[in-house]
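Let us walk through this structure step by step, beginning with a term that the reasoning needs and then turning to individual residues and to a pair of helices.

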Amino acid sequence: MVTTGAFNGFRHEGVITVPLALEGKKAIVAEVSEAAKGALSVVVADSRGVPVSKMTNLRKQARENGVELRVVRNTLARRALEGTQWECLTESFVGPTLLAFSTDHPGAAARLFKEFAKDDKDFEVKALAYEGEFIPAADIDRLATLPTYDEAIAKLMSVMKEASAGKLVRTLAALRDQKEEAA
């Protein structure tokens with residue numbers, strides 16, 4: 001234990017931590033539990049070694065993409081996700097844990113973290129979960145490549161347009177053949 005003036009904290013691996021009071025812990029568990037209830041998917045990452053400025057930028061991008069980020073102690077995260085569809089992630093809560101809850105689109109957090117990890121080698125995605133299914137970090141593309149609502153509609157419209165154009169061509173060909181037979 002390190003004591004500096006009025007500050008009483010613990011030093012572990014060069015990081016000073018302050019013990020939380022029981023009420024503070026309960027509040028954190030409640031907040032994380034509430035975020036989990038509204039989430040479409042969850043991504044767990046380790047952001048150890050990432051500069052504060054980059055993390056600030058990541059938080060800004062997360063807000064813009066409907067992703068809620070939470071840095072939570074592992075025991076509190078386990079407690080918050082206990083009994084939810086995200087409980088399958090608890091084994092990945094080792095070391096520093098950053099939780100990302102996708103609220104607008106199931107692939108938003110995975111896409112955000114995949115892009116962020118390209119630029120910062122210290123950032124490591126540990127695991128993901130979608131609809132209660134554990135997804136290893138190596139399979140991040142399962143969620144990261146899901147089309148957004150607008151992309152899915154555009155693909156559907158494209159397929160419908162091609163199908164209707166094909167039908168028109170077949171109809172015109174049938175009319176041409178019919179006229180040739182009549183002549």
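A residue counts as buried when its relative accessible area is under 20%. In this predicted model, threonine 97 has a relative accessibility of 4% and therefore counts as buried. Threonine 97 is found in the loop between α3 and β6, the latter covering residues 98–102. Leaving aside residues up to four places away in sequence, threonine 97 touches Val44, Ala45, Arg70, Val71, Val72, Asn74 and Lys126. With asparagine 74 there is also a polar contact, in which the two side chains come to 2.4 Å.

The next loop to consider, between β6 and α4 (108–119), holds histidine 105. Because its relative accessible area is 14%, histidine 105 is buried as well. A polar atom of the side chain of histidine 105 lies 2.9 Å from the backbone nitrogen of glycine 107, and a polar contact of 3.4 Å links the histidine 105 side chain to that of arginine 111.

We can now turn to the packing of two helices. Helix α1 spans residues 22–37 and helix α3 spans residues 74–81, and their axes come within 8 Å of each other while crossing at roughly 50°; α1 is therefore oblique to α3. The crossing in which α1 passes α3 is right-handed. On the α1 side the contact is made by Lys25, Ile28, Val29, Val32, Ser33 and Ala36, and on the α3 side by Leu76, Arg79, Ala80 and Leu81. Sorted by class, this contact of α1 with α3 comprises seven nonpolar residues, one polar residue and two charged residues.

Notes:
Residues numbered from 1 in each chain as written. Predicted model: local features only at pLDDT ≥ 70, side-chain atom pairs only at ≥ 80, totals over all residues. Heavy atoms only, no water. Axes fitted to C-alpha atoms, helices over the stretch in contact; angles between N-to-C directions. Helix = DSSP H or I, 4+ residues; strand = E, 2+ residues; numbered from the N terminus. Parallel < 35°, antiparallel > 145°, perpendicular 65-115°, else oblique. Left-handed = near helix turned anticlockwise from the far one by under 90°. Contact = heavy atoms within 4.5 Å. Nonpolar A, V, L, I, M, F, W, Y, C, P; charged D, E, K, R; others polar. Buried < 20%, exposed > 50% of the residue type's maximum accessible area, 1.4 Å probe, protein only. Polar contact = N/O pair within 3.5 Å; in protein donor to acceptor, adjacent residues only side chain to side chain.
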